[in-house]
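Subject: Structure handover

Dear colleague,

Please find the structure below. My notes on it follow.

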Amino acid sequence: MELESLVRRAETQVFEAPDLDSLAEIERGLVGKKGELTQLKKTLGSLAPDERRAAGQSLNDALGQVVEAVQVRRKTLATAAEVAQLQSERLDLTEVMSNERRGHLHLVTQARDRLEDVFVGMGFTVAEGPEVETAWYNFEALNIPEWHPARGTFDTIFVDLGEPEEVMMRAHTSPVQIRTMENQKPPIYIVAPGRTFRTDTADATHLPAFNQIEGLVIDRGIGLGDLAGTIDSFVKAFFGHDVKTRLRPSYFPFTEPSAEFDISTPSGDWLELGGCGVVHPAVLQNCGIDPEEWQGFAFGFGIDRLAVMRYQLDDIRELVNNDVRFLSQF
Ligand code: PHE
């Protein structure tokens, strides 16, 4: 009877063992070398031989019960420990990361990209030229000789390099016309966006460093009608189909005839966008192109002003103040 209650107590201890370590300790206390049940075995010797057999049998049964209980508990605890470890080492791949904000392209870059897209869609390719130019590309090849008063209208920033007034920051993207015609045989259909520079003081409508996009088409039988049609298609693609365009007579030394082109505003006014015209024969000749065989048109306008119009900014300087609070709105 004593043995029975011992087994029951042992089983309770075993099944209440909270973890594998304490289970091992309990096991040692029961069936280890000096364990309670092991100790009992030693008392068998003092029994009479006929009693010894029966007592030995029940002791063995009791030992077997306890050992089995320990095995069962050990399995349960081992499984629980494994589950706990898996839980603690689990990677939560569904975790929502902190709401880090991604930046975006600058307004002017967005406008420039869209312009390129529209013109590429119309069959143009994109050309580029350097921001520092010689007098040949910025003026002379464009039919603006040194004595020409038109030089004065381009408030040029000269660079301290070579002969005086020989090297300068380009005052417009028109030099890319010359570079393209020098390097490429007609037919030519290019647009050339890029930075341009004048001595203008920055104010609400001017920047000393600004962006233009130049267009140049050289092909056979090209005339003013092609120019007007191209500008109209571009403006409708860029601003929408309700926007109208018009050409106003103007003067540029490198085009003849020359015009300013305007677009209509929702309020019914006209807004000047840029200059354009039929490429002057002298310019073609300067680039080794025969004006009898090839004709063309060119246009150029400010990208920054376009961004100002598109987003209805009050002040063009916002584009270069680089205030993130302002820029992140667009
Ligand atoms: N380059 C001229 C300007 O900056 C614009 C223009 C380009 C005019 C091409 C005619 C043809 O004002």
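A polar contact here is a pair of N or O atoms within 3.5 Å; within protein, one atom must be able to donate a hydrogen and the other to accept it, and residues adjacent in sequence count only if both atoms are side-chain atoms. The model is predicted, so local features need pLDDT of at least 70 and side-chain atom pairs count only at pLDDT 80 or more, while totals for chains, interfaces and linings use all residues. Residues are numbered from 1 along each chain as its sequence is written, and side-chain values use heavy atoms, with hydrogens and water left out.

Ligand site

In the side chain of S174, an N or O atom is 2.9 Å from a nitrogen atom of the ligand. R198 places a polar side-chain atom 3.0 Å from an oxygen atom of the ligand, and a polar side-chain atom of Q212 also lies 3.0 Å from a ligand oxygen atom. On its own the ligand has 330 Å² of accessible area, of which the protein covers 92% (Shrake-Rupley method with a 1.4 Å probe; for residues, only the protein chains shown count as cover). There are 14 residues around the ligand, and those that come nearest are H172, S174, R198, Q212 and E214; a residue counts as near a molecule or strand if one of its heavy atoms lies within 4 Å of it.

Helix packing

Helices (H or I, at least four residues) and strands (E, at least two) are DSSP runs, numbered from the N terminus. Axes are lines fitted to C-alpha atoms, for helices over the stretch in contact, and angles run from 0 to 180 degrees between N-to-C directions. Angles under 35 degrees count as roughly parallel, over 145 as roughly antiparallel, 65 to 115 as roughly perpendicular and the rest as oblique.

Helix α1 (residues 2–16) packs on helix α4 (residues 49–89) at about 10 degrees, the axes being 9 Å apart. The two helices are therefore roughly parallel to each other. By class, the contact of α1 with α4 has eleven nonpolar, two polar and three charged residues. Nonpolar means Ala, Val, Leu, Ile, Met, Phe, Trp, Tyr, Cys and Pro, charged means Asp, Glu, Lys and Arg, and the others, Gly among them, are polar.

The axes of helix α3 (residues 36–43) and α4 cross at roughly 170 degrees and come within 11 Å, which makes α3 roughly antiparallel to α4. L37, L40 and K41 of α3 meet L59, N60, A62, L63 and V66 of α4. That contact divides into six nonpolar, one polar and one charged residues.

Backbone points to check

- The P186 to P187 peptide bond is cis, with omega near 0 degrees; P187 is in the loop between α8 (175–183) and β5 (188–197).
- E256 and P257 are joined by a cis peptide bond with omega about -5 degrees, and P257 lies in strand β8 (residues 255–264).
- E165, not a glycine, has a positive phi of about 60 degrees.

Regards

Key
Contact means heavy atoms within 4.5 Å.
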